[in-house]
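Please keep the sequence and the coordinates in view while reading.

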Amino acid sequence: MKKYILDLTNAQFKTAAKSITDQDYRINQIIEWVYVKKASSFADFTNISKELRDTLDKRFLLRTLKIVKKEKSMIDGTVRYAFQTIDKKYFFAVFLPAKGKNSVCISSQIGCPVMCAFCSSGKVKLARNLSRGEILEQILQIENDAKEKVSGVLFMGMGEPTLNFNNITSVLNSLLSSKEFGIGKRHITLSSVGVAPAIKKLADDNFGVRLALSLHAVDEKQRKKLIPNNFGFKIEDILNAGKYYLKKTGSRITIEYILVKGINDVVADAHKLTRLLRHHELLNPDVQVNLIPFNPVADTQFKTPEQGAVQKFKNILKLNGITVNIRQAKGADISAACGQLGY
Ligand code: SF4
């Protein structure tokens, strides 16, 4: 059976490639074609002999994903990609163009076990984790299709990244390596619903990427309505994990807070959020709160909050010295905004 090259770390590929060449510099050239020159076919490896290219083609796979649908937002140019895997499963990724800093929002699982009530990905039953290669290939395919370089990566697509821990950390190593993707740690954001031990482990491994904590609520009752499956982690555990991450890595963290009308958007909630952040030593210039007005998805009873309520919420946080940002929905017309990456 052919090996999927992107599933292998460089060390693993070097071992696997020993059977096709004993020349280290050739192996390094191949790695360069895969990760730096980002060739999508072995035929493009022009400084490698035809014979070796044919052998590579017989033994390895360079791509396994197929773009089966592509929708472009008429509002902001955001592009939503639907990918099909080799075992005929489907998931999504989003290209977010911006002058000088294009980003991608990628998926880590097919479906999501967290089942956030406001998110259409959460309505898709977990099929499986995406492999290391399938996660990296999303970036390569989007760059190739958009003919643009990507310099920012958001792990905010389908799935909870920390539940696919080994593949995600292997991907982070590749993204950060100057011999592979070479993306700066400040340009990578990993979002988590708050799997506290995994967040602590990420802090200890010291990748130093930005962390986005999906808090979304100020008390357990509220949170349960929004995130039915929180794996037993309480708000307290999540904020303590955030505090640990901040202290250990010094990297900026964002507290993600989806505002849903009548659930968590009133003035008292804003004050409670401030108190929670203060209590967990998260009133800090390196902590930012992102307010995300709920983006409508199919089959939900949730409503988008009034603009006035969003502004009021923001002002209270701001008056308490919190850096706060209202996140504008990108690609809302093509269901590519936050929480809309479902089938
Ligand atoms: S918001 Fe994230 S964690 Fe929640 S269901 Fe959607 S993809 Fe899963």
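**Helix packing, domains and ligand shell**

In this predicted model, helix α4, spanning residues 132-146, packs against helix α5, spanning residues 165-176, at an angle of about 45°, and their axes are 9 Å apart. The two helices α4 and α5 are therefore classed as oblique to each other, since an angle counts as roughly parallel under 35 degrees and as roughly perpendicular from 65 to 115. The crossing in which α4 passes α5 is right-handed. On the α4 side, the contact is formed by R132, I135 and L136, while α5 contributes N167, S170, V171 and S174. Sorted by class, this contact between α4 and α5 comprises 3 nonpolar, 3 polar and 1 charged residues.

At the level of the whole protein chain, the domain assignment places residues 3-61 in domain 1 and residues 66-334 in domain 2. A distance of 34 Å separates the C-alpha centres of domain 1 and domain 2. How many residues of domain 1 are in contact with domain 2? The contact involves 7 residues of domain 1 and 12 residues of domain 2. On the side of domain 1 that touches domain 2, the classes are 3 nonpolar, 2 polar and 2 charged residues.

The ligand provides a further point of reference. Around the ligand there are 12 residues, of which C112, V114, C116, C119 and G122 come nearest. By class, the shell around the ligand consists of 7 nonpolar, 4 polar and 1 charged residues.

Technical notes
Residues numbered from 1 in each chain as written. Predicted model: local features only at pLDDT ≥ 70, side-chain atom pairs only at ≥ 80, totals over all residues. Domains from an automatic or database assignment. Contact = placed C-beta atoms within 7 Å. Nonpolar A, V, L, I, M, F, W, Y, C, P; charged D, E, K, R; others polar. Near = placed C-beta within 6 Å. Axes fitted to C-alpha atoms, helices over the stretch in contact; angles between N-to-C directions. Helix = DSSP H or I, 4+ residues; strand = E, 2+ residues; numbered from the N terminus. Parallel < 35°, antiparallel > 145°, perpendicular 65-115°, else oblique. Left-handed = near helix turned anticlockwise from the far one by under 90°.
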